[in-house]
Amino acid sequence: MSALSEAPPAARPQLGPGTWAALVTLLAGALCLIFAPRLPWLTAWPADWVLLDTKSLSAWLEAALRFIRPAARLVSALLAYPMGWANALFLATPWPLFIGIVTAIGWLIGGAAMASLGFLGLVFVLISGYWAEGMSTLALVAVSVPVALLAGLAIGLLANEVPRVKGAVQVLLDVMQTVPTFAYLTPLVLLFGFGPVVGLIASAIYAAPPMARNVILGFERVETEIKEAAIMSGATRFQQLFQVEIPAAGRQIMVGFNQCLMAALSMVIIAAVIGGFNDIGWEVLLTMRKALFGQSLLAGLVIVAFAVVIDRMSGALAFERARHDRRVALAILGVALLATLLVWWRHPDPEAFRLLTPLAEAVDKGLGAFTASQGATLDALKNNAMFYGLLPLRIGLDDSVLPFTWGFQWTAWMSGAWFAVAALAGLALALSGRVTAGIALTIGLGIIETGIAQLPWPFVLIGAGALGHVAGGRRLALLSVVLLLAILVSGLWDRALLSLYLCTASVVACVLVGGALGLASAVSPTVWRVVRPVCDMLQTIPLFVFLIPVLMFFQIGEFSAFLAICAYAVVPMIRYTRHGLVETPPEMVEAATAAGATTWQMLRDVRAPWAAPTILLGLNQTILYAFSMLVIAALIGTTDLGQSIFLALGQADIGLGVSAGAAMAILAFIADRLVQGFARGQREALGL
Amino acid sequence: MKQLALGLALAAMATGTTAAEMGAVDQPIKLAINEWTGQHVTTHVAGEMLKAAGYKVEYVTAGMMNQFQALADGDLDATLEIWSSNVSDEYAKKIGEGTVVEIGDLGLDAKEGIAYPAHVAELCPGLPAWEALKACAGAFATAETLPMGRLVDYPADWGTPGADRMTGLALPFKAVPAGSEGALITELRAATEKKSPLLITFWQPHWAMSAYDVKFVDLPEGNEACFTDPAWGPNPNAVNDCDFAPSRIFKAAWSGFAEKWPAAYEILTAYQLSVEDQQPMMGAIDVDGGKVEDVVAKWMSANEGKWRPVVEAATK
């Protein structure tokens, strides 16, 4: 086709690895395009080529799980004890005393600011009316976090002591963080039995990796002089480790502790899906099922209150070393005891202080009224986004441009014209010296014509391999292709492409919106003061809560799923963009100011290139967040891998759950490695 | 009311209930609390009956789809409202293994169907007759389904009865799976607020039936032949061209239940609850904001004749 004729002459002068990769991909795309009408197996992977039978996988896995079940049951029987104690302790403590203890701890850690944060956070929990449920949740976290901390510490120590396994440990940590929890809940129930212990273990699996990563990082940063001093003074390996290296890595380990806590808290809602525990996550699920937005928001905010208090306090523990007067803490406890005697004696039931219900109902009514008055506008917004954005991206211009969407029918002639324009635009760019960008533009326009969900698989494989080669050399290229092949033979390819499409659409939107918000936050501290708490809330509130307003406005469908994913995945993009732009070294800023740069010149020519690796890291996180949100978007009724995982959970189909979870993790893993590879390249270019 | 009490008593006699051993009264019987209010009512009534018989009862929250492994392991002892329309495959597996046993129907008369909020009748004149849908499919069309109309079907893991009806009756509607019950309710709520068209697969008893004034479409009354013989019914070329097969609501217990608590087993087997009793209690909880314990306690004291005989037949 025309795309073929333009590439070679423009590319001949100098071919970097990027240009080569783009060329190969373009060639593969063009060949697929030519042969697709004659060879249907290029676009649809034939059913006979599916090698993995989820039924026999289920049977096989189930047999394996049954084999190790007695050991697992022993673990859960042992864990049931601390779980029961923690639950009894948290629920039996009178609420004024509990508030007092947290306030006093806040004072000891961070003075008046932390004390008032702890006090206000818990008073909010009290007046929300979810005190008992909240305490159950804290009990779950109180047991799962030590388990996760020990596991993380052990994994980190192992990687440090036996450098050979470091690579394998990194892969293990990636798997623990990218396989969606829903995918392995069913096997966990089979192994550990029903009840809160399953939630506890699921949240420990998810929360251990941040701890392990920070432990590894902490050990790497311990200075060699310190280690050598320990060796020279004749310490055994054990003494070196526990008396020198762990204390020296203490700060980094505390960062891990903080992130571990936050991760455990974010899993609370997942634990509730299994049940067995009357916690706050269960309340969110119940209110969500009744489509009561105000009430589920209130229950969700209880988790946010816990998260903010725990995050700020454990963060302060890691960085602040200020001493605060112990007598004040004792005084706070004294007041709490007095309050317990005076108030709790008469009102032992925290339910009596439920004050926020009218507010929740008002929020709920407001949502209804808004939907009623803005219905037409919302529908128009959704239809435009579908017709001109999402549909073409999914099924391509050739299938989505129809008389009742765009007002005319797309024809083969138009396809030809579109490809010609794509080739010419690419050629123009290539001739102006940007060969790789030109080829990439041609490929991108070609994808829009075909649609992501209908891309031929050889094209996707070769494209991923080429990108992998540029980002991380031959190994990454080979790994990407092999892993994608695994999805193909497992028969989940169509669903994987749908996941890829939803993620691509969301990530593109997040980059645009999040980048702009991050930029605005970097330029104006006022904007950041507004954006920051919103980011905090979006990251810790159970995402189920936002499904209700999104569904009220835009109904079941892809657009709602797209918005729900964006709401969660946009946060890292904002944070990292701002962070990267703000953290430019002052010498560079001064030099640019001395040279007479305006604010915008500074941003574009100094800060932006410097921030690029950080922003790429943000992009990486945004992609991973988008993938993790796909499973929750299944509650809206998507048809991708997330839905398969959800379906498998409902039907207790271990084989489907595990294979769909693995497919999801593969997509996330490849995207992660590609972006990290590019970020590394960028950092090297900057000489970091 | 009296009729039901009589029914209960008869049911009790029919199963040959005689006073049974109490069994392990010192150990609590764990009843599953699933995600919906009707089930909470059903379970709390049963739990209070067991308490009246002298047992200890513990209510344990459990995901509806994932409770059967717990039931098989004896981590849960009974679950009292299983809908045949959305029971997971795992249930059949556990019944096959013999680790879970079915303990009879609940007596709750359920109806499933294609439904719409009342205001939709103005947008599609001719409803509730199903034939009206042929002409007004366009009114239900959305960006994702054009040119066909949109039917919001059950979440994918409950099966696709709505889609089957549309194919069977050759109606120009595309079924969109809802993903969750919350999504179904949100659709109903949004359509009612916006006065927009909506066709949805739904069921009763459900509190939303009255809260959003939901009506069922009249589908051709079916029989066995409808689901097996294409020639039967208005569409000569397809099966499923009739109303939903009636769904069964039943109870199940851990296989060791009968041996451990014989009298309790008899109570739960004989236990029946009707739509007329359950629906007002659901309303008192979901619409009027009552607590399930209080609402059930009130019903128990006002309707002693309906449950006391079952307890006494098993214990005295």
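Two residues are in contact if their C-beta atoms, placed from the backbone, lie within 7 Å. Keep that rule in mind for this predicted model, where local features need pLDDT of at least 70, side-chain atom pairs count only at pLDDT 80 or more, and totals for chains, interfaces and linings use all residues. Residues are numbered from 1 along each chain as its sequence is written, while chains are lettered from A and ligands numbered from 1 in the order in which they are written.

**Stop one: where the chains meet.** Select chains A and B. Here 40 residues of chain B are in contact with 45 residues of chain A. On the chain B side, the elements giving two or more residues include strand 2 (57-61), helix 4 (89-97) and helix 8 (181-194). Helices (H or I, at least four residues) and strands (E, at least two) are DSSP runs, numbered from the N terminus. Now pick helix 8 of chain B: it gives the most to this side, with 10 residues.

**Stop two: strands 1 and 2 of chain B.** Select residues 29-33 of chain B, which form strand 1. Strand 1 of chain B pairs with strand 2 of chain B in the parallel sense over 5 bridges. To pair, two strands need at least two bridges found by DSSP. Zoom in on I33(B): opposite stands T61(B), in strand 2 of chain B.

**Stop three: strands 7 and 8 of chain B.** Select residues 149-153 of chain B for strand 7. Strand 7 of chain B runs parallel to strand 8 of chain B, joined by 5 bridges. G149(B) has F173(B) as its bridge partner in strand 8 of chain B.
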